[in-house]
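Biologist: Please show me the model. I want to go through the labels and ask what stands behind each one.

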Amino acid sequence: MGETNVWDAEWEVNEEQARMLIGRQFPQLSSKQVKRLGWGWDNTVFLIGDEYVFRFPRRTIAVGSIRMEGKLLPKLEAYMTIPYPKPLFYGEASDEYPAPFLGYAYVPGDFPIGLTEERRVLSAETLAKFLRRLHEFPVQAALKCGVQQDHRNLTDIASRKVKLEGFLSKVVEHLSPEESGVIEAYISRLQKDRVEAVNALLHGDLHFKNMLVNENGIVSGIIDWGDLSVGHPACDLSVAYSFLPPYARGVFFETYGGADEETKLLARLIAVYIPILILMQAVDDGNEAIAAEAKSNIMRALSD
């Protein structure tokens with residue numbers, strides 16, 4: 001594809017470069033094996049030995065979030081009820097590589113792809129407790145660390161609806177008529193234009209590619225905190241719709257401490273919106289497993 005995508009990189013880092021950059025600044029790690037784990041829109045990720053993960057920004061826009069993570073993530077430790085990657089190594093920009101990079105404790109686990117509904121239910125309280133604590137973190141302390149405040153206009157439902165329609169037209173040929181029918185019906189029912197602003201510290205990108213589960217399929221790690229921001233808690237509460245089946249949502253919201261109808265409406269919208277973006281990228285990458293999981297997340301979010 002000749003056109004540029006939002007996920008195209010400005011700098012690619014391969015294993016050899018990563019080994020060199022890490023070894024130069026952290027000689028104590030130079031004997032360890034370096035293996036590329038994957039990459040997101042913003043970072044390339046490497047496993048160092050079997051205990052550390054390093055993330056290198058792939059684009060200028062990601063540099064600020066790496067700096068902010070370095071400041072804020074250590075402060076979250078007392079609030080965390082699920083393992084998360086805590087920063088341990090702070091790499092500096094150099095002639096070889098123009099950006100700072102971060103090394104974290106490795107959080108083991110597998111992505112929750114293809115889990116049965118029964119398995120998903122087992123994480124309802126775990127996820128709710130995790131979000132309840134995270135959303136209690138003092139907003140002012142987060143803002144002092146350079147976290148952005150509602151930079152994505154989360155409460156503006158009308159404009160998100162327009163974007164959603166655009167995304168849908170791009171992936172409609174990869175959906176069954178039933179799937180696209182369900183999504184179209186949902187979009188046309190969305191009549192509210194915006195919801196009241198609420199401010200909480202958010203993970204900001206809580207979906208199946210940023211969650212890890214143990215061998216029992218229970219959530220055992222939350223990774224990729226590059227979208228840490230202050231905004232409407234519905235952004236994170238979207239997991240109640242994308243990850244959990246309808247019959248587990250009651251216990252989720254009860255454990256979390258309740259949510260009003262506006263919050264639930266916005267949470268469901270984001271639970272459709274994020275997987276549609278993931279589906280677009282998966283189609284572009286030819287990744288059928290990720291595409292199938294994204295579709296099932298959307299259909300779960302739209303079932304009652």
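Modeller: Start with isoleucine 290. Leaving aside neighbours within four places in sequence, isoleucine 290 is in contact with Ile113, Phe208, Lys209, Ile278 and Ala282. Contact means heavy atoms within 4.5 Å. This is a predicted model: local features need pLDDT of at least 70, side-chain atom pairs count only at pLDDT 80 or more, and totals for chains, interfaces and linings use all residues. Residues are numbered from 1 along each chain as its sequence is written, and side-chain values use heavy atoms, with hydrogens and water left out.

Biologist: Where does isoleucine 290 lie? And what makes isoleucine 290 count as buried or exposed?

Modeller: Isoleucine 290 lies in helix 12 (residues 288–301). Helices (H or I, at least four residues) and strands (E, at least two) are DSSP runs, numbered from the N terminus. Buried means under 20% relative accessible area, exposed over 50%, and partly exposed in between (1.4 Å probe, protein chains only). Isoleucine 290 has 12% relative accessibility, so it counts as buried.

Biologist: Why is the chain called as compact as a globular protein of its length?

Modeller: First the inventory: the chain has 12 helices and 10 strands. Its radius of gyration is 19 Å, close to the 19 Å that the globule rule gives for 304 residues, so the chain is as compact as a globular protein of that length. The radius is taken over C-alpha atoms, and the rule is 2.2 Å times the number of residues to the power 0.38. Along its principal axes the C-alpha trace spans about 55 × 45 × 35 Å. Buried residues make up 52% of the 304 residues. Of the contacts with a separation of 6 or more, 72% come from residues 24 or more positions apart.

Biologist: What makes glutamate 96 and arginine 24 a salt bridge?

Modeller: A salt bridge is a side-chain nitrogen of Lys or Arg within 4 Å of a carboxyl oxygen of Asp or Glu. The side chains of glutamate 96 and arginine 24 meet at 2.5 Å, N to O. Glutamate 96 lies in the loop between strand 4 (87–91) and strand 5 (101–105) and arginine 24 in helix 1 (residues 15–25), so the pair ties together parts that are 72 residues apart in sequence. Glutamate 96, at 42% relative accessibility, counts as partly exposed. Arginine 24, at 52%, counts as exposed.

Biologist: How do you know that lysine 32 and glutamate 51 pair too?

Modeller: Their N to O distance is 3.3 Å, a salt bridge. Lysine 32 sits in the loop between helix 1 and strand 1 (34–39), and glutamate 51 in the loop between strand 2 (43–48) and strand 3 (52–57), so this pair ties together parts 19 residues apart in sequence. Both are partly exposed: lysine 32 at 25%, glutamate 51 at 33%.

Biologist: Which residues does asparagine 43 touch?

Modeller: Not counting residues up to four places away in sequence, asparagine 43 touches Arg55, Phe56, Pro57, Arg58, Ala62 and Ile66. Asparagine 43 lies in strand 2. Its relative accessible area is 6%, so asparagine 43 is buried.

Biologist: What makes threonine 155 buried or exposed?

Modeller: Threonine 155 has a relative accessible area of 6%, so it is buried. Its place is the loop between strand 6 (148–149) and helix 6 (157–171). Beyond four places in sequence, threonine 155 touches residues including Asp150, Asp193, His232 and Leu266.

Biologist: What is phi of aspartate 150?

Modeller: Phi of aspartate 150 is positive, about 35°, although the residue is not a glycine. Aspartate 150 is in the loop between strand 6 and helix 6. At 25% relative accessible area, aspartate 150 is partly exposed.
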